[in-house]
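Please examine the sequence and the model before reading the solutions.

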Amino acid sequence: EKADSLLTIYEKQTTVLINEIKGMPAYKGDSSLKSAALKSFTFYKRVFSDDYKKLIEIRKEGGDQTEEGVAEMNRIVENLSKEEGELDKTFQGAQRDFASKHKMRLQENEIQKKIDKMNDE
(Lines give C-alpha, C1' and ligand atoms only; values in the text may rest on other atoms or scores of the structure.)
Protein backbone atom coordinates (compact mmCIF):
# COMPACT_ATOMS: atom_id res chain seq x y z
CA GLU A 1 0.00 0.00 0.00
CA LYS A 2 1.34 3.40 -1.03
CA ALA A 3 0.29 5.15 2.20
CA ASP A 4 2.10 2.55 4.34
CA SER A 5 5.31 2.94 2.34
CA LEU A 6 5.13 6.74 2.58
CA LEU A 7 4.68 6.50 6.34
CA THR A 8 7.74 4.23 6.52
CA ILE A 9 9.76 6.78 4.53
CA TYR A 10 8.59 9.65 6.78
CA GLU A 11 9.34 7.62 9.90
CA LYS A 12 12.89 6.94 8.68
CA GLN A 13 13.45 10.60 7.75
CA THR A 14 12.16 11.69 11.16
CA THR A 15 14.51 9.20 12.85
CA VAL A 16 17.44 10.73 10.93
CA LEU A 17 16.41 14.23 12.07
CA ILE A 18 16.05 13.09 15.68
CA ASN A 19 19.53 11.57 15.61
CA GLU A 20 20.96 14.73 14.03
CA ILE A 21 19.36 16.91 16.69
CA LYS A 22 20.61 14.61 19.46
CA GLY A 23 24.11 14.98 18.03
CA MET A 24 23.99 18.78 18.13
CA PRO A 25 25.82 20.48 20.98
CA ALA A 26 24.04 22.84 23.33
CA TYR A 27 24.31 26.49 22.27
CA LYS A 28 26.41 28.27 24.89
CA GLY A 29 25.30 25.64 27.38
CA ASP A 30 21.61 26.11 26.52
CA SER A 31 19.84 22.99 25.27
CA SER A 32 16.24 24.23 25.75
CA LEU A 33 15.50 24.67 22.04
CA LYS A 34 17.15 21.35 21.23
CA SER A 35 14.96 19.61 23.83
CA ALA A 36 11.78 21.21 22.46
CA ALA A 37 12.72 20.18 18.92
CA LEU A 38 13.38 16.59 20.05
CA LYS A 39 9.96 16.41 21.70
CA SER A 40 8.29 17.66 18.51
CA PHE A 41 10.11 15.29 16.16
CA THR A 42 9.62 12.35 18.54
CA PHE A 43 5.88 13.10 18.43
CA TYR A 44 5.89 13.11 14.62
CA LYS A 45 7.86 9.86 14.50
CA ARG A 46 5.22 8.23 16.70
CA VAL A 47 2.46 9.66 14.52
CA PHE A 48 4.03 8.16 11.38
CA SER A 49 4.88 4.81 12.98
CA ASP A 50 1.71 4.31 15.02
CA ASP A 51 -1.24 6.71 14.89
CA TYR A 52 -1.51 7.15 11.12
CA LYS A 53 -1.05 3.41 10.62
CA LYS A 54 -3.95 2.79 13.02
CA LEU A 55 -6.12 5.13 10.96
CA ILE A 56 -5.16 3.35 7.74
CA GLU A 57 -5.87 -0.05 9.30
CA ILE A 58 -9.31 1.04 10.48
CA ARG A 59 -10.15 2.21 6.95
CA LYS A 60 -8.76 -0.97 5.36
CA GLU A 61 -11.00 -3.05 7.60
CA GLY A 62 -14.05 -0.95 6.68
CA GLY A 63 -14.13 0.73 10.06
CA ASP A 64 -14.84 4.08 8.45
CA GLN A 65 -18.25 2.58 7.58
CA THR A 66 -19.15 1.71 11.18
CA GLU A 67 -20.13 3.90 14.09
CA GLU A 68 -17.42 2.38 16.29
CA GLY A 69 -14.74 2.77 13.63
CA VAL A 70 -15.64 6.39 12.93
CA ALA A 71 -15.64 7.14 16.66
CA GLU A 72 -12.18 5.56 17.02
CA MET A 73 -10.84 7.51 14.04
CA ASN A 74 -12.26 10.75 15.45
CA ARG A 75 -10.74 10.01 18.86
CA ILE A 76 -7.30 9.43 17.34
CA VAL A 77 -7.47 12.61 15.23
CA GLU A 78 -8.73 14.74 18.14
CA ASN A 79 -5.95 13.46 20.42
CA LEU A 80 -3.32 14.11 17.74
CA SER A 81 -4.61 17.63 17.11
CA LYS A 82 -4.61 18.46 20.81
CA GLU A 83 -1.13 17.03 21.40
CA GLU A 84 0.28 18.71 18.30
CA GLY A 85 -1.20 22.06 19.32
CA GLU A 86 0.36 21.85 22.77
CA LEU A 87 3.75 20.82 21.36
CA ASP A 88 3.61 23.61 18.79
CA LYS A 89 2.92 26.23 21.47
CA THR A 90 5.74 24.84 23.62
CA PHE A 91 8.16 24.84 20.69
CA GLN A 92 7.24 28.40 19.66
CA GLY A 93 7.69 29.51 23.27
CA ALA A 94 11.08 27.80 23.41
CA GLN A 95 12.07 29.57 20.17
CA ARG A 96 11.06 32.98 21.54
CA ASP A 97 12.80 32.39 24.88
CA PHE A 98 15.94 31.09 23.17
CA ALA A 99 16.06 34.03 20.76
CA SER A 100 15.51 36.52 23.57
CA LYS A 101 18.12 34.93 25.82
CA HIS A 102 20.75 34.90 23.07
CA LYS A 103 19.80 38.26 21.54
CA MET A 104 18.61 36.78 18.25
CA ARG A 105 15.81 38.07 16.06
CA LEU A 106 13.11 35.68 14.88
CA GLN A 107 11.76 36.14 11.37
CA GLU A 108 8.10 35.83 10.48
CA ASN A 109 7.29 32.39 9.09
CA GLU A 110 4.65 32.75 6.37
CA ILE A 111 3.98 29.00 6.28
CA GLN A 112 3.39 28.93 10.05
CA LYS A 113 0.98 31.87 9.71
CA LYS A 114 -1.04 29.90 7.13
CA ILE A 115 -1.06 26.81 9.37
CA ASP A 116 -2.18 28.87 12.36
CA LYS A 117 -4.94 30.45 10.28
CA MET A 118 -6.18 27.02 9.14
CA ASN A 119 -6.14 25.75 12.74
CA ASP A 120 -8.18 28.75 13.90
CA GLU A 121 -10.96 28.09 11.36
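This is a predicted model: local features need pLDDT of at least 70, side-chain atom pairs count only at pLDDT 80 or more; totals for chains, interfaces and linings use all residues.

**Exercise 1.** Determine where Asp51 is placed and whether Asp51 is buried or exposed.

*Solution.* 
Step 1. Asp51 lies in helix α2, which spans residues 32-60.
Step 2. The relative accessible area of Asp51 is 9%.
Step 3. Buried means under 20% relative accessible area, so Asp51 is classed as buried.

**Exercise 2.** Identify the contacts of Asp51 beyond its neighbours within four places in sequence, and describe how Asp51 is joined to Arg46.

*Solution.* 
Step 1. With the neighbours within four places in sequence set aside, Asp51 is in contact with Arg46, Ile76 and Leu80.
Step 2. The side chains of Asp51 and Arg46 are joined by a polar contact of 2.9 Å.
Step 3. Arg46 and Asp51 also belong, together with Glu83, to a network of salt bridges.

**Exercise 3.** State how many salt bridges the structure holds, then locate the partners of the salt bridge between Asp30 and Lys101 and classify the exposure of each.

*Solution.* 
Step 1. The structure holds 7 salt bridges.
Step 2. One of them joins the side chains of Asp30 and Lys101, with an N to O distance of 3.5 Å.
Step 3. This pair links distant parts of the chain, its members being 71 residues apart: Asp30 is in the loop between α1 (2-23) and α2, and Lys101 is in helix α3 (residues 67-101).
Step 4. Asp30 has a relative accessibility of 9% and therefore counts as buried.
Step 5. For Lys101, the relative accessible area is 55%, so this residue is exposed.

**Exercise 4.** Describe the salt bridges Asp50 to Lys54 and Asp64 to Arg59, and classify the exposure of each partner.

*Solution.* 
Step 1. In the salt bridge between Asp50 and Lys54, the closest N and O atoms are 3.5 Å apart.
Step 2. Asp50 and Lys54 are separated by about one helical turn, because they are 4 residues apart in helix α2.
Step 3. Asp50 is partly exposed, at a relative accessible area of 28%, and Lys54 is partly exposed, at 39%.
Step 4. Asp64 and Arg59 likewise form a salt bridge, and their closest N and O atoms are 3.5 Å apart.
Step 5. Asp64, at 24% relative accessibility, counts as partly exposed, whereas Arg59, at 52%, counts as exposed.

Conventions
Residues are numbered from 1 along each chain as its sequence is written. Side-chain values use heavy atoms; hydrogens and water are left out. Helices (H or I, at least four residues) and strands (E, at least two) are DSSP runs, numbered from the N terminus. Buried means under 20% relative accessible area, exposed over 50%, partly exposed in between (1.4 Å probe, protein chains only). A polar contact is a pair of N or O atoms within 3.5 Å; within protein, one must be able to donate a hydrogen and the other to accept it, and residues adjacent in sequence count only if both atoms are side-chain atoms. Contact means heavy atoms within 4.5 Å. A salt bridge is a side-chain nitrogen of Lys or Arg within 4 Å of a carboxyl oxygen of Asp or Glu.
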